[in-house]
Amino acid sequence: MTILHTVNKSPFERNSLESCLKFATEGAAVLLFEDGIYAALSGTSVESQVVGALDKLKIYVLGPDLKARGFGDERVIAGISVVDYAGFVDLTTENDSVQAWL
């Protein structure tokens, strides 16, 4: 059973990302959107935690939310895939269930 984990809260305000990365099983997908996109940015205090998770998880960030907050793809940590809204839909249909981390 595959799970898409979604994180929409900033890792600097909530522990949603930390909990998600702790409980997500190998091969799972994680989508960062809304304020969750801050976890996808290089040069932050959570970068090493996210990079470490890339060994076992597929991590995605929603491009329109990235751009809405003034960031370009060049700020995204290497190994994280940028997806559009159609990609978001694809992720939900490719996985058996969705776990939202609030």
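Mentor: We shall take the salt bridges and then the aromatic pairs.

Mentor: This is a predicted model, in which local features need pLDDT of at least 70 and side-chain atom pairs count only at pLDDT 80 or more, while totals for chains, interfaces and linings use all residues. Residues are numbered from 1 along each chain as its sequence is written, and side-chain values use heavy atoms, with hydrogens and water left out.

Trainee: What makes the contact of Arg69 with Asp35 a salt bridge?

Mentor: The term requires a side-chain nitrogen of Lys or Arg within 4 Å of a carboxyl oxygen of Asp or Glu. The closest N and O atoms of Arg69 and Asp35 are 2.9 Å apart, so the pair is a salt bridge. Arg69 and Asp35 are 34 residues apart in the chain.

Trainee: Why is Asp35 called partly exposed?

Mentor: Buried means under 20% relative accessible area, exposed over 50%, and partly exposed in between (1.4 Å probe, protein chains only). Asp35 has 29% relative accessibility and therefore counts as partly exposed.

Trainee: How do you know that the rings of Phe23 and Trp101 are stacked?

Mentor: Rings of Phe, Tyr and Trp (its six-membered ring) pair if their centres lie within 6.5 Å; planes under 30 degrees apart count as stacked, over 60 as edge-to-face and the rest as tilted. With centres 6.2 Å apart and planes at 10 degrees, Phe23 and Trp101 are therefore stacked.

Trainee: Why is Trp101 called buried?

Mentor: Its relative accessible area is 16%, so Trp101 is buried.

Terms used: Helix = DSSP H or I, 4+ residues; strand = E, 2+ residues; numbered from the N terminus.
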